[in-house]
Amino acid sequence: MKLRYFAWVRERIGKPEEEIEPPAGIATVSDLMIWLSQRGEEYAHAFENPTVIRAAIDRAHVRADAAILGAREIAFFPPMTGG
Amino acid sequence: MAATVRLQREPFDAGSEAAKLRRGRGDIGAVVTFTGICRQDEAGAPLAAMTLEHYPGMAEAEIVRHVEAAERRWPLLGVAVVHRYGRLEPGEEIVLVVTAAAHRQDAFAAAEFLMDYLKTRAPFWKQVELAGSGRPRGKIWVDAKQSDDALADRWTPRRAAE
């Protein structure tokens, strides 16, 4: 699946997107954040406070307990500041 | 109903967007035009510029979803939303919401509803460049405001799914 990062999540991880294959057992957005944060310091920094991170699956907002099965694109970003 | 949703780098002309909604229509009795503008300061600090990052594809889809929600809620006769992205300087327009209805209450309410949701649900992020102070102070991501969440929440009896 493709992961996309925006704003300071993107800056902390150091890239706007990447392809990943999470291992079996990573079932939810929350699981994915925990798994990603173990991939290195930059990920740990980005996900150090997972409760503030928002997520979208295939371009629709989801909660942290959303299942990722079948997702093509998952995005992580800070709370939005548009308008 | 005629709805326009557009994301662009370029400035927009609020007057001509409002005129387009009304053209050839005799049933529209009220048009509300809201323009959000880049201020010259952020939390008291002078601003050199602001950069708006967005999630292409999702930003437009999310705005369309909210326009459709507004159409279900109020008898609207036209809606236009234009949101800019990229680098903007103080005084430049950021966002435009135009709502048209037979009566003003519906146009006012729908415009406010759309703005409240754009602030908290549309995937845009503001980064500001602070001005002056000799040494560059770098770029700072604007924090989401709890007051904006509260304004968006007033349109739903329960807290929006998040």
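**Exercise 1. Ala48(B)**

In which strand of chain B is the place of Ala48(B)? Work out its surroundings too.

*Solution.* A quick reminder before we start: this is a predicted model.

Step 1: Find the element. Ala48(B) sits in strand E4 of chain B, which covers residues 45–54.

Step 2: A residue needs 20 or more to be buried, and 12 or fewer to be exposed.

Step 3: List the contacts. Skip the neighbours within four places in sequence, and Ala48(B) is in contact with Glu129(B), Leu130(B) and Ala131(B).

Step 4: Glu92(B) is 44 residues from Ala48(B) in sequence, and their C-alpha atoms are 12 Å apart in space.

**Exercise 2. Leu88(B)**

Decide whether Leu88(B) is buried or exposed, and say what it touches.

*Solution.* 

Step 1: Leu88(B) belongs to strand E6 of chain B, residues 86–88.

Step 2: Count neighbours. There are 20 C-beta neighbours inside 10 Å, so Leu88(B) counts as buried. The cut-off for that label is 20 or more.

Step 3: Look for partners along the chain. Leaving out residues up to four places away in sequence, Leu88(B) touches Cys38(B), Ala49(B), Met50(B), Leu52(B) and Ile94(B).

Step 4: Check another pair. Lys20(B) is 68 residues away along the chain, and its C-alpha atom is separated from that of Leu88(B) by 25 Å.

**Exercise 3. Chain B as a whole**

Describe the make-up of chain B and explain why it can be called as compact as a globular protein of its length.

*Solution.* 

Step 1: Tally the elements. Chain B has 4 helices and 9 strands. Reading from the N terminus, the order is β-α-β-β-β-α-β-β-β-α-β-β-α.

Step 2: Compare with the globule rule. For 162 residues the rule gives 15 Å, and the radius of gyration of chain B is 17 Å, close to that value, so the chain is as compact as a globular protein of that length.

Step 3: Get the dimensions. Along the principal axes, the C-alpha atoms fill a box of roughly 55 × 35 × 30 Å.

Step 4: Look at burial and contacts. Of the 162 residues of chain B, 33% count as buried. Take the contacts in chain B with a separation of 6 or more: residues 24 or more positions apart account for 74% of them.

Step 5: Check the confidence. The average pLDDT of chain B is 91, and 93% of the residues score at least 70.

**Exercise 4. Chain A and its strand E1**

Sketch the layout of chain A, then say which strands E1(A) pairs with and in what direction.

*Solution.* 

Step 1: Chain A holds 3 helices and 5 strands, and from the N terminus on they run β-α-β-α-α-β-β-β. Its radius of gyration of 12 Å is close to the 12 Å from the globule rule for 83 residues, so chain A is as compact as a globular protein of that length.

Step 2: The C-alpha trace of chain A spans about 35 × 30 × 20 Å along its principal axes, and 30% of the 83 residues count as buried.

Step 3: Follow E1(A), residues 2–5. It is joined by 3 bridges to E2(A), residues 17–19, running antiparallel. With E5(A) there are 4 bridges, and the two strands run parallel.

Step 4: Zoom in on Arg4(A). Opposite it in E2(A) stands Glu17(A), while its bridge partner in E5(A) is Ala75(A).

**Exercise 5. The buried face of H2(A)**

Explain why the buried residues of H2(A) line one face of the helix.

*Solution.* 

Step 1: Name them. In H2(A), residues 29–37, the buried ones are Val29(A), Leu32(A), Met33(A) and Leu36(A).

Step 2: View down the axis. The buried residues of H2(A) fall within an arc of 100°, so they line one face.

Step 3: Recall the geometry. An α-helix has 3.6 residues a turn, so residues three or four places apart point the same way.

Step 4: Find the cover. It includes H3, E3, E4 and E5 of chain A.

**Exercise 6. The contact between the chains**

How many residues does each chain bring to the contact?

*Solution.* 

Step 1: Count. Chain A gives 15 residues and chain B gives 23 residues.

Step 2: Look at the chain A side. Helix H1 (7–13) and strand E5 (73–77) of chain A each supply at least two residues of it. By class, that side has 9 nonpolar, 4 polar and 2 charged residues.

Step 3: Note the scores. The predictor gives the complex an ipTM of 0.95 and a pTM of 0.90.

How values were computed. Residues numbered from 1 in each chain as written. Chains lettered and ligands numbered in written order. Predicted model: local features only at pLDDT ≥ 70, side-chain atom pairs only at ≥ 80, totals over all residues. Contact = placed C-beta atoms within 7 Å. Nonpolar A, V, L, I, M, F, W, Y, C, P; charged D, E, K, R; others polar. Pairing = 2+ DSSP bridges. Arc of directions from axis to C-beta. pLDDT = per-residue confidence, 0-100. Rg over C-alpha atoms; globule rule 2.2 N^0.38 Å.
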